[in-house]
Amino acid sequence: MSTIKNHVQLIGNVGQEPTITNLESGKKVARFSLATNENYKNSKGEKQTDTNWHTIVAWGKTADIIEKYAEKGKEIAVVGKLKTRTYTTNDGNQRYVTEVVADEILLLGSK
């Protein structure tokens, strides 16, 4: 059961071109948004779509795959875990950010 703790699986479309950063330590990190859609019918029977946006962070070889193959609009599957971090803005306000740290990426459909 320990393998399903803090486990996230998402299938969606890349929302913007990934941002790739090469750190001084030699590590590479990729950041991008992923849009997931949920379709349903409202009380009038009309089709509705609810879009959720997720921030994805990938490191190392997974970041390499993102850099080479993931472009805006590309459908991908992401397997990873949720990570929440805090930071303080310049005006002293504390902010919380929840991201999906990707362990695996699967390239699916075309653009």
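Which residue in S6 is the bridge partner of valine 57? In the predicted model, that partner is valine 101. The pairing to which strands S4 and S6 contribute is parallel: S4, covering residues 47-59, is joined to S6, covering residues 94-107, by three bridges.

Strand S6 also pairs with S5, which comprises residues 75-88. Here the sense is antiparallel, and the pairing extends over 13 bridges. Strands S5 and S6 form a hairpin with five residues between the strands, in which glycine 92 adopts a positive phi near 90°.

These elements belong to a protein chain that contains six strands and one helix, arranged along the sequence in the pattern β-β-β-β-α-β-β. The C-alpha trace spans about 55 × 40 × 35 Å along its principal axes. Among contacts in the protein chain with a separation of 6 or more, 57% are made by residues 24 or more positions apart.

A nonpolar surface patch of about 280 Å² is formed by Ile11, Leu106 and Leu108. Isoleucine 11 lies in strand S1, which consists of residues 8-14. Isoleucine 11 is classed as exposed because its relative accessible area is 52%, and the cut-off for this class is over 50%.

Technical notes. Residues numbered from 1 in each chain as written. Predicted model: local features only at pLDDT ≥ 70, side-chain atom pairs only at ≥ 80, totals over all residues. Heavy atoms only, no water. Pairing = 2+ DSSP bridges. Helix = DSSP H or I, 4+ residues; strand = E, 2+ residues; numbered from the N terminus. Patch = residues over 30% accessible without salt bridge, like charges linked within 9 Å, V, L, I, M, F, W, Y side chains within 5 Å. Areas by Shrake-Rupley, 256 points an atom, 1.4 Å probe, with all protein chains shown as cover. Salt bridge = Lys/Arg side-chain N within 4 Å of Asp/Glu carboxyl O. Buried < 20%, exposed > 50% of the residue type's maximum accessible area, 1.4 Å probe, protein only. Contact = heavy atoms within 4.5 Å.
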